[in-house]
Amino acid sequence: MKFLSKQDFDNLGSNVNFAKECSALYAKNNGFEYQIKRYQDLYKIHSEFSGENVLLFSSPGRIEVCGNHTDHNNGKVLCASISVDTIAMVTPVIEDVITIASVGYPPLVVDINDLEPKTAEYGKSEGLVRGVCAYFKQNGYKIGGFYATTSSDVFKGAGVSSSACFEVLVCEILNILYNDGKMDALTKAYASHLAESEFFGKPCGLMDQSAIALGGVSYIDFKDTKAPEVESIPWKFENVDIVLVNCGGDHCGLTDQYASIRTEMETVASIFGQKVLRFVKKDKFLSTIPIIQSDVSGRAILRAMHYFNENERVEKCADAIKNVDIDKYYDMINASGDSSYKLLQNVYPEGDRDMRIPIALALSNNICGDKGAIRVHGGGFAGTMIAYVPSDLTSELVKKLKAVFGTDNVFQISIRNSGTRMIEI
């Protein structure tokens with residue numbers, strides 16, 4: 001564990017190790033020169049308040065790859081860490097206090113001698129820090145104080161999970177400072193999940209935290225939600241760019257429409273005596289549609305069809321990534337997007353006038369034709385679109401999407417093969 005000094009940051013431009021790190025962590029459009037300034041600026045802010053010697057950490061955002069609205073019925077998903085991150089300059093302190101000063105926000109201060117959940121901290125970062133520390137303490141890991149200054153490129157409003165990025169970052173800082181790096185990636189995900197569920201007041205699955213902790217593409221099977229099967233798959237595709245679009249729809253008033261997906265899937269499952277679709281046989285479901293169609297809506301039947309087919313696609317998509325088969329990968333992502341559009345029906349809300357996601361999908365398909373893969377990303381309705389495209393199409397696609405959705409809402413990213421970790425330069 002080597003602390004970095006002012007001289008290290010003054011010499012970033014000639015640091016070969018830092019250049020290698022930037023190449024591995026960041027997309028080509030957010031590269032070396034930008035990162036030099038970003039890291040140097042953050043170091044200047046941190047050193048004013050906490051001395052000159054620091055440790056350096058990076059925690060990525062994440063995307064959903066395949067498995068749209070399957071996790072809440074104990075399904076299978078693919079997710080991945082991406083090339084935008086929160087970086088932190090960290091200095092340990094003697095006091096049992098964690099202070100985190102995020103650029104642009106007031107510092108948060110948590111007394112780690114008090115590790116009980118607090119309703120007043122629901123929805124606040126203090127709850128996440130306290131929850132992570134509680135997990136460490138409950139499971140035999142050490143905790144201690146530190147002062148951190150953070151800066152984030154993890155854009156909000158595009159479904160890349162800034163909260164999980166922050167949670168896993170806190171885990172890794174405690175892991176390195178006080179536990180000799182002994183905590184494995186999946187345990188960090190569990191710690192972060194506890195923090196968000198019980199201390200932040202937001203019930204969630206394990207998908208976001210796993211992707212960010214593990215790095216690369218994460219395959220997760222939620223058949224047993226208490227002990228999901230998790231596998232990390234390296235991303236080896238070359239000359240493939242990823243474009244994410246915050247389509248700008250309004251989420252207000254959509255809670256019931258999001259909830260209806262889970263409710264309708266579970267309604268179908270209940271006909272077969274199960275709580276969730278994972279424990280219903282696909283063949284039995286399909287063969288009894290003539291009988292159950294009088295008991296549930298047609299949309300519920302279509303959404304159940306999506307669930308069963310999507311679980312199978314996750315497996316095929318994982319195989320395509322493992323085998324570096326880009327054509328099969330494109331086929332699976334396009335099929336997943338088509339199913340979300342037609343069967344799951346989460347591309348535009350009921351009564352929607354603006355249809356931002358459908359416009360983004362249609363524009364992208366007009367530009368890319370049969371090259372690449374385009375689909376709704378994440379929850380849908382009023383959220384984001386994601387495109388995987390050959391590099392020679394990226395510039396045109398980004399330009400035309402920015403003209404419609406705005407410069408600040410179109411992001412070129414890449415998948416990074418390392419999760420949250422300390423950066424040693």
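Predicted model: local features only at pLDDT ≥ 70, side-chain atom pairs only at ≥ 80, totals over all residues.

1. Residues are numbered from 1 along each chain as its sequence is written, and side-chain values use heavy atoms, with hydrogens and water left out.

2. Helix α4 (residues 125–138) packs on helix α5 (residues 162–179) at about 45°, with axes 10 Å apart. Contacts (heavy atoms within 4.5 Å) join residues including L128, V132 and F136 of α4 to residues of α5, among them F166, V170 and L174. By class, the contact has nine nonpolar, four polar and one charged residues.

3. α4 also packs on helix α6 (residues 185–199), at about 130° and with axes 8 Å apart. These two helices are therefore oblique to each other. In α4, G127, G131 and Y135 are among the residues that meet α6, where the partners include Y190, L194 and F199.

4. For helix α14 (residues 391–405), 15 residues at 1.5 Å each should span 21 Å, and the end C-alpha atoms are 21 Å apart, which agrees. L393, T394, L397, V398, L401 and F405 are buried in α14 (under 20% relative accessible area, 1.4 Å probe, protein chains only). Their cover includes β8 (240–246), α13 (356–368), β10 (384–390) and β11 (410–413). Just after α14, G406 takes a positive phi of about 95°.

Terms used
Helix = DSSP H or I, 4+ residues; strand = E, 2+ residues; numbered from the N terminus. Expected span 1.5 Å × (residues − 1). Buried < 20%, exposed > 50% of the residue type's maximum accessible area, 1.4 Å probe, protein only. Axes fitted to C-alpha atoms, helices over the stretch in contact; angles between N-to-C directions. Nonpolar A, V, L, I, M, F, W, Y, C, P; charged D, E, K, R; others polar. Parallel < 35°, antiparallel > 145°, perpendicular 65-115°, else oblique.
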